[in-house]
Amino acid sequence: MARTNWHSGEAVVPVAGARIGTCDSADTAQTKGFFRMFRRLSDQVFASEQIDVAAVAEAAAQGITLIINNRPEDESADQTPGAAIAAAAAAAGMAYRAIPVTHAGFSESQVNAMADALAGTDGPVLAYCRSGTRSTLLWALAEARRGVSPHTLTTAAAEAGYDVTPVRAIMDMLAASKA
């Protein structure tokens with residue numbers, strides 16, 4: 001099935017099960033190997049499971065300008081170190097930010113760092129963690145802090161296959177403080 005590349009507007013035919021830069025509600029299964037699924041959260045932001053150096057080149061080819069790593073180092077033995085992702089991003093002409101989030105939850109400084117990273121770029125962003133969930137939750141908190149409707153964020157996350165219920169009350173509080 002042909003899709004439209006979000007960056008160039010060109011028709012794209014998925015290869016080897018790729019779901020790059022597009023996602024509809026049926027696209028929730030993660031792919032393995034070189035092609036990964038970058039799930040669209042907004043016009044500017046995508047979330048992904050753990051990436052490797054090869055996926056950085058794929059992201060660059062898709063027009064990503066900033067990679068945000070939301071995984072703490074050494075969270076699991078199979079993860080690509082952040083330094084390797086940062087080096088590959090720099091070699092591809094992309095920016096890189098590490099905003100690690102553990103399973104303990106989100107701090108105000110992490111939300112602020114994510115908001116600053118998103119505000120500091122004009123191009124598309126790829127945020128990743130082990131499954132994409134923490135990246136999505138942190139994105140939703142940062143955007144709610146900016147005043148984006150929690151309902152809009154919840155819908156966008158759900159369309160990408162993520163559930164923001166664990167942080168919805170905080171999203172409501174952050175958005176209300178901007179009203």
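Contact, as I use the word in these notes, means heavy atoms within 4.5 Å.

**Entry 1: ground rules.** I am reading a predicted model, in which local features need pLDDT of at least 70, side-chain atom pairs count only at pLDDT 80 or more, and totals for chains, interfaces and linings use all residues. Residues are numbered from 1 along each chain as its sequence is written, and side-chain values use heavy atoms, with hydrogens and water left out.

**Entry 2: overall layout.** I looked up the secondary structure and found 6 helices and 7 strands. Helices (H or I, at least four residues) and strands (E, at least two) are DSSP runs, numbered from the N terminus. Along the sequence I read the pattern β-β-β-β-α-β-α-β-α-β-α-α-α. Of the 179 residues in the protein, 47% are buried. Buried stands for under 20% relative accessible area, exposed for over 50%, and partly exposed for what lies in between (1.4 Å probe, protein chains only). Among contacts with a separation of 6 or more, 63% are between residues 24 or more positions apart.

Entry 3: Helix α3 runs over residues 108–119, and its 12 residues reach 16 Å from first C-alpha to last. That is close to the expected 16 Å, the expected span being 1.5 Å times one less than the number of residues. I list its buried residues as Q110, V111, A113, M114, A115, A117 and L118. Their cover includes the strands β4 (45–48), β5 (66–69), β6 (95–98) and β7 (125–128), and also α4.

I then picked out A117, which lies in α3. A117 counts as buried because its relative accessible area is 5%. Leaving aside neighbours within four places in sequence, I find A117 in contact with L66, I68, R97 and I99. L66 is 51 residues from A117 along the chain, yet their C-alpha atoms are separated by 8.6 Å.

**Entry 4: N70.** I located N70 in the loop between β5 and α2 (82–91). N70 counts as buried because its relative accessibility is 0%. Its side chain makes a polar contact with the side chain of S135, at 2.7 Å. A polar contact is a pair of N or O atoms within 3.5 Å; within protein, one must be able to donate a hydrogen and the other to accept it, and residues adjacent in sequence count only if both atoms are side-chain atoms. Leaving aside neighbours within four places in sequence, the contacts of N70 include M114, A127, R134 and L138.

**Entry 5: helix α5.** For α5 (residues 150–159) I noted P150, L153, A156 and A157 as the buried residues. They lie on the same side of α5 because they cover an arc of only 125 degrees around the axis, taken from the directions from the helix axis to the C-beta atoms. The face turned away from that buried side carries the exposed residues H151 and E159. Cover for the buried residues of α5 includes β3 (39–40), α4 (133–145) and α6 (168–178).

At the start of α5, a side-chain oxygen of S149 comes within 3.2 Å of the backbone nitrogen of H151. Just after α5, G161 has a positive phi of about 95 degrees.
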